[in-house]
Amino acid sequence: MLVNNRHSASTERSAPPRNVVLLGATGSIGRSTLAVIGHQPARFKAWALVARNSVAAMYELILQHSPRYAVLTDPAAASALRQRLPAQVRTEVLHGEQAACEIAAHADVDTVVAAIVGAAGLPTSLAAARAGKRILLANKEALVMAGQVFLNAVREGGSQLLPVDSEHNAVFQCLPASTQGSPNVTGVRRVILTASGGPFRQASLAQIANATPEQACAHPNWSMGRKISVDSATMMNKGLELIEAALLFNLPARQLDVLVHPQSIVHSLVEYIDGSVLAQLGNPDMRTPIAHALAWPERCESGVNLLDLSKHGRLEFEAPDELRFPCLRLAREALAGGAAAACVLNGANEIAVAAFLAGRLRFGQIAQLNEVVMDRLAALPGPTTLDAVLEVDELARRAANDYLLAHPTP
Ligand SMILES: NC(=O)c1ccc[n+]([C@@H]2O[C@H](COP(=O)([O-])OP(=O)(O)OC[C@H]3O[C@@H](n4cnc5c(N)ncnc54)[C@H](OP(=O)(O)O)[C@@H]3O)[C@@H](O)[C@H]2O)c1
């Protein structure tokens, strides 16, 4: 279930600002969220900021937003931050993953923005879910990796999951308000996720094979962290999003499609059985879905420039090419294959992308590595506990590292 009614009453205008924990505060989504919060100080307070080891970035954010807590999971970085902060700053600096989990579950917290990149975001998101928080989910990898285990924690904790990924936020907005989370009962025929096609949309297979990290991270429409930028370039991002959509909206693979839309103005579409297709449009700026999820079920201004369609001219759409972008096919196979396959694919891909960014793998080998690991492990039984999820993830990472050892960069 995506939402429950516990939190859905309107916010009283005179109510104090809601305390927000930002997991991944120093990243791209973290900063976009802080921009929306800065735009809406009467509604939201950046109560705690969490990151890994970006001391200088966290230092600046503390001075700008005066959070009650700042957590760096890296102890040495937290210690450096403490020493650097002026004595009059009242923010308490904590360290370690356990502290981050405690902050995400703190009784004073209403909303947790899950924007740590990769599987590293799972423990804190789970802590927030078990504590019944309103979770604004950007960290798709945690959901793809843990699947039903994550959703069970959301349900059992009485938590509320609101999608921040622009495509899923668009779908959420296009579903009837009364039945979020169960589109099948409302005549939904298909959910269509749009994809920009990334920087290599028109590149040949040969050009793609040897693309550099700089080329892969130069996204035409969105400014994002490096991992998701590479995933956009391989279209694995869209593949992970297909799995994310299946989980969030409880839809089978046959009701999920991808449509390439280079302008990134239409963020996704929902097709109904009567032939109606609803879409959500907006400029490609993550502050819009973040503001939507923060304020839901109300709306608030996000600071984003309003869409002027007369200036955009053509909106184009085309089918995705799974030959040039095999990661999309692999994600479809993972979706058909069940929970272990999704967890395996995510773990392998995280290793592959990190190796590519470190110059240890060619761009074209990302899909190869993922496929080899999938062939080896995708048939494992679906994990039903957190320990089992972590075990499958670890096996996938080991198999991915085996591939790297067997294929040293030329
Ligand atoms: N960027 C987008 O437009 C966008 C859109 C939709 C969904 N998403 C999703 O949102 C998530 C974040 O993406 P991003 O682009 O914002 O990534 P990013 O710019 O690379 O930022 C990642 C954040 O995660 C923190 N982090 C990494 N490992 C951590 C750990 N072990 N413990 C605590 N914090 C850790 C980083 O802290 P340090 O700075 O200290 O390393 C940083 O704050 C990803 O799952 C992505 O798929 C992003």
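The ligand lies between two domains, because domain 1 (18–171) and domain 2 (172–283 + 306–312) both give residues to the shell around the ligand. These domain bounds come from an automatic or database domain assignment. The model is predicted, so local features need pLDDT of at least 70 and side-chain atom pairs count only at pLDDT 80 or more, while totals for chains, interfaces and linings use all residues. Residues are numbered from 1 along each chain as its sequence is written, and side-chain values use heavy atoms, with hydrogens and water left out.

The shell around the ligand holds 24 residues. T26, N53, S54, E141 and D165 come nearest. A residue is near a molecule or strand if one of its heavy atoms lies within 4 Å of it. By class, the shell has 11 nonpolar, nine polar and four charged residues. Here Ala, Val, Leu, Ile, Met, Phe, Trp, Tyr, Cys and Pro count as nonpolar, Asp, Glu, Lys and Arg as charged, and the others, Gly among them, as polar. Two helices, α1 (28–39) and α6 (140–157), each supply at least two shell residues. Helices (H or I, at least four residues) and strands (E, at least two) are DSSP runs, numbered from the N terminus.

Backbone atoms also reach the ligand. A backbone N or O atom of S28 lies 2.9 Å from a ligand oxygen atom. For I29, a backbone N or O atom is likewise 2.9 Å from an oxygen atom of the ligand. At R52, a polar backbone atom is 2.9 Å from a ligand oxygen atom. A polar contact is a pair of N or O atoms within 3.5 Å; within protein, one must be able to donate a hydrogen and the other to accept it, and residues adjacent in sequence count only if both atoms are side-chain atoms. On its own, the ligand has 900 Å² of accessible area, and the protein covers 89% of it. Accessible areas come from the Shrake-Rupley method with a 1.4 Å probe; for residues, only the protein chains shown count as cover.

An open sheet of seven strands has the order β4-β3-β2-β1-β5-β6-β7, with parallel pairing. Two strands pair if DSSP finds at least two bridges between them. At the edges stand β4 (92–95) and β7 (160–163), each with a single partner strand, so one side of each is left without a neighbour in the sheet. Direction ignored, neighbouring strands are turned by 25 degrees against each other on average. Axes are lines fitted to C-alpha atoms, for helices over the stretch in contact, and angles run from 0 to 180 degrees between N-to-C directions. Strand β6 (residues 134–137) pairs with β7 in the parallel sense over four bridges. L136 has L162 of β7 as its bridge partner.

An open sheet of four strands has mixed pairing and the order β9-β8-β10-β11. Its twist averages 20 degrees from one strand to the next. Five bridges join β8 (residues 188–195) to β9, and the two run parallel. The bridge partner of A195 is V260 in β9.

Two loops carry backbone exceptions. Most residues other than glycine have a negative phi, and most peptide bonds are trans. The peptide bond from W296 to P297 is cis, with omega near 10 degrees. P297 sits in the loop between α12 (287–295) and α13 (326–337). M235 has a positive phi, near 70 degrees.
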